[in-house]
Amino acid sequence: MTPEKDTSDRDCHASTGAYLPFPISYYRHGLPDCGGGSGSWYSADCLPNMLIRYARARKCLTYLQKLAGCYWMERDGCPEHCYIEGTFDLDFYLARVKNSAQGLSHAICAEFLGGNTDAFSSWKFYQYANLNIRPGDWQMPYGTNTEDTTVQIYEIIGVFNCGLPDHRTQPEATFSIDAQGNVTRS
């Protein structure tokens, strides 16, 4: 896939700050040490968007060389960015949000804010342009009368490639959200 160059004057977001409050459309592999992308562009869905944000977390130093060969583009016509430009000291995890009854299986970012990992309030969730995902948002919907929405938070323990992290098999925390929006530890 090759994004077409956009000749309009649309603004592209700068890659400053810890959270990148906009969706990323494309990612690719490339040269090491942030030397530039060279591979084909791929569409970035929720998991590559999460990994791009993880690369900014600074707790990923073990995977720095692999991530320094990964690149993203916000949308057609915007500049290419290296995954690791501008890193921050965030305690960052992968969160999987699932509700089969609603056809939802989604990856979002989970930042541990401190305190007890078993407390939902100890976590900040974000992805795309939503920097404060809460129960009831489309990315973390309430459950249904037949199935709760499940939020599982995993520690990232590796990077397979620019679009796919590795994580522990046992979640750090699991929460359920019922049809009324009540959150319980599972």
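Me: Why is phenylalanine 112 counted as buried?

Reply: Phenylalanine 112 has 15% relative accessibility. Buried means under 20% relative accessible area, exposed over 50%, and partly exposed in between (1.4 Å probe, protein chains only); phenylalanine 112 therefore counts as buried. The model is a predicted one, in which local features need pLDDT of at least 70, side-chain atom pairs count only at pLDDT 80 or more, and totals for chains, interfaces and linings use all residues. Residues are numbered from 1 along each chain as its sequence is written, and side-chain values use heavy atoms, with hydrogens and water left out.

Me: What makes the rings of phenylalanine 112 and tryptophan 123 a tilted pair?

Reply: The structure holds 11 aromatic pairs, where rings of Phe, Tyr and Trp (its six-membered ring) pair if their centres lie within 6.5 Å, and planes under 30 degrees apart count as stacked, over 60 as edge-to-face and the rest as tilted. For phenylalanine 112 and tryptophan 123 the centres are 5.0 Å apart and the planes stand at 55 degrees, so the pair is tilted. It links distant parts of the chain, 11 residues apart: phenylalanine 112 is in strand β6 (residues 104-112) and tryptophan 123 in strand β7 (residues 123-126). Strands (E, at least two residues) and helices (H or I, at least four) are DSSP runs numbered from the N terminus. Tryptophan 123 has a relative accessible area of 2% and is therefore buried.

Me: How do you know that the pair of tyrosine 128 and tryptophan 138 is stacked?

Reply: The ring centres of tyrosine 128 and tryptophan 138 are 6.3 Å apart and the planes are at 10 degrees, so the pair is stacked. Both residues lie in the loop between β7 and β8, and the pair ties together parts that are 10 residues apart in sequence. The two residues fall into separate classes of accessibility: tyrosine 128, at 17%, is buried, whereas tryptophan 138, at 59%, counts as exposed.

Me: Which residues do ring pairs link into a cluster, and what is said to lie over the face of tyrosine 19?

Reply: The cluster consists of Tyr19, Tyr54, Phe92 and Tyr126. A charge sits over a ring if NZ of Lys or CZ of Arg is within 6 Å of the ring centre and within 35 degrees of the ring normal. Lysine 124 lies over the face of tyrosine 19 at 3.8 Å from the ring centre, and over the face of tyrosine 126 at 5.7 Å.

Me: What makes the contact of arginine 28 and glutamate 80 a salt bridge?

Reply: A salt bridge requires a side-chain nitrogen of Lys or Arg within 4 Å of a carboxyl oxygen of Asp or Glu. The N to O distance between arginine 28 and glutamate 80 is 2.5 Å, and their side chains meet in a salt bridge. Arginine 28 lies in strand β1 (residues 26-29) and glutamate 80 in strand β4, so the pair ties together parts 52 residues apart in sequence. Arginine 28 is buried at 15%, while glutamate 80 counts as partly exposed at 29%. By this rule the count comes to four salt bridges.

Me: Why is the sheet that contains β1 described as open, and in what order do its strands run?

Reply: Four strands form the open sheet in the order β2-β1-β3-β4, with antiparallel pairing. Its edge strands are β2 (42-43) and β4, each of which pairs on one side only. Arginine 28 has tyrosine 71 as its bridge partner in β3.

Me: Why does glutamate 74 count as buried, and which side chain makes a polar contact with it?

Reply: At 4% relative accessibility, glutamate 74 counts as buried. It lies in the loop between β3 (70-73) and β4 (80-82). A polar contact is a pair of N or O atoms within 3.5 Å; within protein, one must be able to donate a hydrogen and the other to accept it, and residues adjacent in sequence count only if both atoms are side-chain atoms. The side chains of glutamate 74 and histidine 13 make such a contact at 2.5 Å. Glutamate 74 also meets arginine 75 in a salt bridge of 2.9 Å, N to O.

Me: How do you know that helix α1 is mostly covered?

Reply: In α1 (residues 46-55), 10 of its 10 residues are buried. Aspartate 45 caps the N-terminal end of α1, with a side-chain oxygen 3.3 Å from the backbone nitrogen of leucine 47.

Notes. Pairing = 2+ DSSP bridges.
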